[in-house]
Amino acid sequence: MATRYVGQGVQRVEDRRLVTGHGRYTDDIGGGTGTLEAAFVRSPHAHARILDIDVGGALDVDGVVAIYTYEDLAGAAAEPLPILIPHPALHAGRTGYALANGVVHHAGEAIAMVVAQNRYLAEDAAAAIVVDYEILPAVVGLDAARAAGHTVHDDVPDNVAAHLLQQVGDVDTAMKDAPHRLELDLEISRSCSMPLEGKAVHARWDPDDGSLRVYSSTQTATSVRAAIAAKLGLPLPKVEVIAPDVGGGFGVKIMHPWPEEILVPLAAMRLQRPVKWTEDRREHFISSSHERDQQHHIEVGFDDDGRILALDVSFWHDNGAYTPYGIICPIVTSTQLLGPYKPGTYRVEFRSMYTTTVTVTPYRGAGRPQGAFAMERTMDRIAQALGRDRTAVRAANFIQPDEFPFDQHMTFQDGRPLIYDSGDYPAQLGMIKEIVGWDDFPARRAAAAAQGRLLGIGIGCYVEGTGPGPYEGAHVQVLTDGSVEVAVGLTSQGQGHQTVFAQIVADELGVPFERVRVTTGDTRRFGHAVGTFASRAAVMSGSAVALAARSVKAKALRVAADALEASEADLEIVDGVVVVRGNPTVSIDLAHVAVLSNPLRYAFDDAAKAATQFARPADPDRPPVPEGEAPGLESRDYYSPPRSTFASGMHAAIVEIDPDTSEIRIDRYCVVHDCGTLINPMIVRGQVHGGVAQGIAGALYETLDYDEYGQLRNASFMDFLMPYVTELPDRIELGHQETPSPLNPLGIKGAGEAGVIPVSAVLAAAVEDATGIRITRMPLSPSELYHLRREDHTA
Amino acid sequence: MTEPTHEIALTVNGVRRTHAAVARRTLSDFLRHDLGLTGTHVGCEHGVCGACTVLLDGRPVRSCLIFAVSVNDHTVTTVEGLADGDELSPVQQAFGECHALQCGFCTPGFLTTVTAELAENPRPTREQAVDMIAGNLCRCTGYHNIVDAVLRAAELSRERS
Amino acid sequence: MKPAPFAWHGPDQAGAAVALLAEHGSDAKVLAGGQSLVPLLAMRLTQPAHLIDINGVAELDTVDVEEGGVRIGALARHRRVERDDAAFRTQPLLRQALRFVAHPTIRNRGTCVGSLAHADPAGELTVVLAVCDGTLDLRSAAGTRTVPAADFFLGPLTCVLTPDELAVSAYFPALPRNAGTTFVEIARRHGDYALCGVAAVAELDRDGELTRLRCGYLSVADVPLVLDLTDAWRSDPQDAGAQAHDAVDPGTDLHATADYRRHLARILTIRAAAGAIADARERVAA
């Protein structure tokens, strides 16, 4: 296969429509069609019993069409929302209802939906609805959840939703026998995905057809479709879901079905009018989902070289009010905490706790940042205890290049064994040390100190299981005009899928890139898919697209061989033309092959004539459509790997602390990462940049501030500090390693989350290196650092 | 009781447009839903993210913080008005070349802002380019490519003139 | 996040605006730049029945620079004042402070007088008005009164403006001869509200000796705080920092503790004062 596009920084096909203002995001859809708009009454209280809902005032508002409360739901729609990923350890899983059923468990939970002529009127009506509450005690923070003075759910007396212990080897004996032991406590606080476009749903019911079309700003059109069909009692083929242009996801939009994804279609069906809902920013803060909040206790036993003989981790995960996504985040922490290392023995135990706060579901990294923080801070602490270089201690613990595939003897988040397929961590370490100038740094730090400046360096390593299954699929079809239509089932939120999958098809099929059109996230075009998350799109759909393109190519060569009376082995496809290798005068256009691949009775245009029954002599004993084949030059193929493939990376940063104000400035930020084969290096770099930006944001700026009553105090962009350009370093120095994955046809590993995973660990380490202060809790603000330094001075 | 409406006339992207709207109709909603120009996006409705930035009489403003009725008879340029027919403006072209957008939601706000800023300062230093985009949030790109795009747009403008 | 309904009024004369306030004032808000007001309306934190929109009152869109000072009309946008070179020469703190007000896009629409009337102790112009001993002209149907900065601000978002009054202009006295200024601020993000900000004015005699040092403080008290630090600085700059540290009364919030803000007041006093003195020395030399 001639590689012309894969591996190139091809400019994106998405860009033209997006830079000209012709993107179609969910709120852009259905203008001028009499679409009604929804708004919600949401609980102002973190924990309350609903005594009465008086909608009288709302009915007076001009333009109100309908008001719904729990009483108006029926059948499956009135049942609790699903637990998407059940797990035996989730012994007390709880979910909410599409509209609150008697009790609310977090401020922001939906109680009533108003549908009106426009959003302004819907909000007026919502404001006029009077709800009578009996306020119940709030439970905020892991300490309060553990203490269980009050419960979030009446029937979960200890506030524990799940408890899981996994063990590899005899940790207790190894710990007892270890020459050295350490204990540490580490904490990461709550944050969230915060895409620039919130959630949005637009639903249309076709009464003539008995069918429903829903647009949703989601990361999984197929699963939302299944959920809507189930909840509204519709046959699956009568529901279509489309994820149009989506303004960022970062994990929050893989969670589904949101109450609004059920209620807005329900209203559209009942009112026989299109209905839409566009989440505003305040709603997003208090009724989407959050993540990251965990407290970890670590005990580690190690030898004189810093090799870990026993690693014993227990942690608490704050899952908020409900567990609709199961316990994926703490499972990811548990397994990915191991990073590139092979501790002698390992035990990890977690409890997932309820609090009366917004539900927790994955945010980019999905538990890995916490795991990396725990492991990397531990490595640093070991190095400090032994007086050894922090990279030497890490190197002593690496899985070696000749040890792959490496079995960590645990079960990963995909339910499959945690077996790393490929990687070269020592080489990666060499690269990152070189890029950041690790060995020269002590001299630099000393020279700065002589001038009264505080400089520090930190390093962090991670391994990321990417491309979990169970599968993805692709449909590739060559049309009779020579263009190629590709459809994949998963969705896009800016990753350039329409470009990268076109690159793969162009190379695999041998057609010009410009002729390939890719559709994502549209159940009308592709019905079986999982979704976009866990850095899986390139691995899963990329592989499926390659397989489908190969199938199409194989068929094209069969049909062409027949038409040219040549041998298949002698044929190749170049720029959309099937030619005999070495004799390009004997050729047939792929467009024509597409025509011939579909034997016709009726010619609807000139090109089609060639496929009709009298156009060519035919073998009277062979059926026009051969056994085992289908008409048309198309194929639907699936990629379903035995397990995930393991990307990895290392980050290093140099920070400077203002000795007076304790402000933290990132002097340099360096990344080396391995995501196997790169389809589009420009897009991968963009993913890493964006991930690092979110990682820095999470390390130094972003947190969610709940008070003891369960009120989110910083529910706006004024106080939730997403960084502008001015808060981020000038540039990210990016180094690249490629250890292809043996698990998929193109050797791809995922890259979507690479940038975010180790950042808190790296920056904590660098600040610690600069100040000598133990940093055990992130994020870290100048004010917090000032206090830590002051306490340290007085101590 | 129905809310009174006001007849609002604006010159948008060179074309005189009129539509009735209630007083509290934000300029962002007016543009998007009354005039059908959905290129301007709404990210926060409190003026911080910049996705809604349009040019009012040539200067960038947050359309989510303006009521359409307040700017009756004024001139507005949105992202849909930046290209010259099929030809992308230097800023639009530069954003594509530099991979300065991923999901595209914040992009219209950057494009209008940068267009106005470069009109005023056609040869920015990198530091000045950073200043030009310092008031717009992007969640996807990490900004580095956007700064590159500002400088590239300046270069393209010079090439074209 | 859509505002609650209101009756909109779009006068094109200041007199008409004032008459509307006389009639509806107790349940009305004045809309100029809207950069502070509209978010409050969107979040329904305020729901006035009437909105008096003065964006059409051209007579208020003025910046008048005289030798004695700069008079800024109610509709003059931050951007206009920031870029006015004559205003900068007369009272440099205006441009120095305005550069820290949010971002240029906000400054294209927001107004100086609107900021002052909003009375946010984190608003940069409030401290500039206070440290220059500026005034505000408040006009009602009964007439116009001039209120000095020291009397205008009562507390966070509270001032002496009555519901029937329109703030029509603000007056910033000129920087004295042989004086220099510096405005410094520390915020979590560029353009954010300050954790602490200091506007320093230093006056020197002809020999370059400090005769007067006044510092205005942002975000560390309920109202803009002005301190005379002349003696403290002359004794030891650290003393000036200490005096500021003790005088400010900041609060604790998510972004910073009161102690940290106090600490910043100390550090920034020294930085701002040193900057103002250096600036003054340059002017004396020139």
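**Close-up views of a three-chain model**

**View 1. Domains 2 and 3 of chain A.** In this predicted model, the C-alpha centres of domain 2 and domain 3 of chain A are 42 Å apart. The two domains touch through 17 residues of domain 2 of chain A and 16 residues of domain 3 of chain A. On the domain 2 side, strand 18 (454-466), strand 26 (645-657) and helix 18 (681-700) of chain A each give at least two residues. That side of domain 2 of chain A divides by class into seven nonpolar, seven polar and three charged residues. The domain assignment for chain A lists domain 1 as 34-136 + 193-287, domain 2 as 385-466 + 643-794 and domain 3 as 470-639.

**View 2. The four-stranded sheet of chain A.** Four strands of chain A form an open sheet in the order 21-20-19-25. The pairing is mixed. Strand 21 (516-520) and strand 25 (633-639) of chain A are the edge strands, and each pairs on one side only. From one strand to the next, the twist averages 15°. Strand 19 (residues 472-478) and strand 25 of chain A are antiparallel and share seven bridges. Within this pair, A:Ala474 has A:Asp637 of strand 25 of chain A as its bridge partner.

**View 3. Helices on the four-stranded sheet.** Which strands of chain A does helix 14 (residues 497-509) touch? Helix 14 of chain A packs on the sheet against strand 19, strand 20 (484-488) and strand 21 of chain A. The direction of helix 14 makes about 135° with that of strand 21 of chain A. Helix 15 (residues 537-564) of chain A lies across strand 19, strand 20 and strand 25 of chain A. Helix 15 runs at about 145° to strand 25 of chain A.

**View 4. The six-stranded sheet of chain A.** This open sheet has six strands of chain A, ordered 7-15-14-13-8-29, with mixed pairing. Strand 7 (160-168) and strand 29 (777-778) of chain A stand at the edges with a single partner strand each, so one side of each has no neighbour in the sheet. Strand 29 of chain A runs parallel to strand 8 (residues 180-188) of chain A, and two bridges join them. A:Glu187 stands opposite A:Arg777 of strand 29 of chain A. Helix 10 (residues 368-386) of chain A lies across strand 8, strand 13 (294-302), strand 14 (308-318) and strand 29 of chain A. Helix 10 runs at about 145° to strand 8 of chain A.

**View 5. Chain B against chain A.** The contact draws 46 residues from chain B and 43 residues from chain A. On the chain B side, helix 2 (90-97), helix 3 and helix 5 of chain B each supply at least two residues. Helix 2 of chain B gives the most, with four residues. By class, the chain B side that touches chain A holds 22 nonpolar, 19 polar and five charged residues.

**View 6. Helices 3 and 5 of chain B.** Helix 3 (residues 107-120) and helix 5 (residues 144-160) of chain B pack at about 45°, and their axes are 11 Å apart. Helix 3 is therefore oblique to helix 5 of chain B. The crossing of the two helices of chain B is right-handed. Helix 3 of chain B brings B:Phe110, B:Val114 and B:Leu118 to the contact. Helix 5 of chain B brings B:Ile146, B:Val150, B:Ala153, B:Ala154 and B:Ser157. By class, this contact has seven nonpolar, one polar and no charged residues.

**View 7. The two domains of chain B.** Chain B divides into domain 1 (5-81) and domain 2 (90-160). How far apart do the C-alpha centres of these domains of chain B lie? They lie 22 Å apart. The contact involves 17 residues of domain 1 and eleven residues of domain 2 of chain B. On the domain 1 side, strand 3 (53-56) and strand 4 (59-62) of chain B are the elements that give two or more residues. Strand 3 of chain B gives the most, with three residues. The residues on this side of domain 1 of chain B are seven nonpolar, nine polar and one charged.

**View 8. Chain C against chain B.** Here 24 residues of chain C are in contact with 19 residues of chain B. Helix 2 (37-42), strand 3 (50-53) and helix 6 (104-107) of chain C each supply at least two residues of the chain C side. That side of chain C has twelve nonpolar, nine polar and three charged residues.

Note on methods:
Residues numbered from 1 in each chain as written. Chains lettered and ligands numbered in written order. Predicted model: local features only at pLDDT ≥ 70, side-chain atom pairs only at ≥ 80, totals over all residues. Domains from an automatic or database assignment. Contact = placed C-beta atoms within 7 Å. Nonpolar A, V, L, I, M, F, W, Y, C, P; charged D, E, K, R; others polar. Axes fitted to C-alpha atoms, helices over the stretch in contact; angles between N-to-C directions. Parallel < 35°, antiparallel > 145°, perpendicular 65-115°, else oblique. Left-handed = near helix turned anticlockwise from the far one by under 90°. Pairing = 2+ DSSP bridges.
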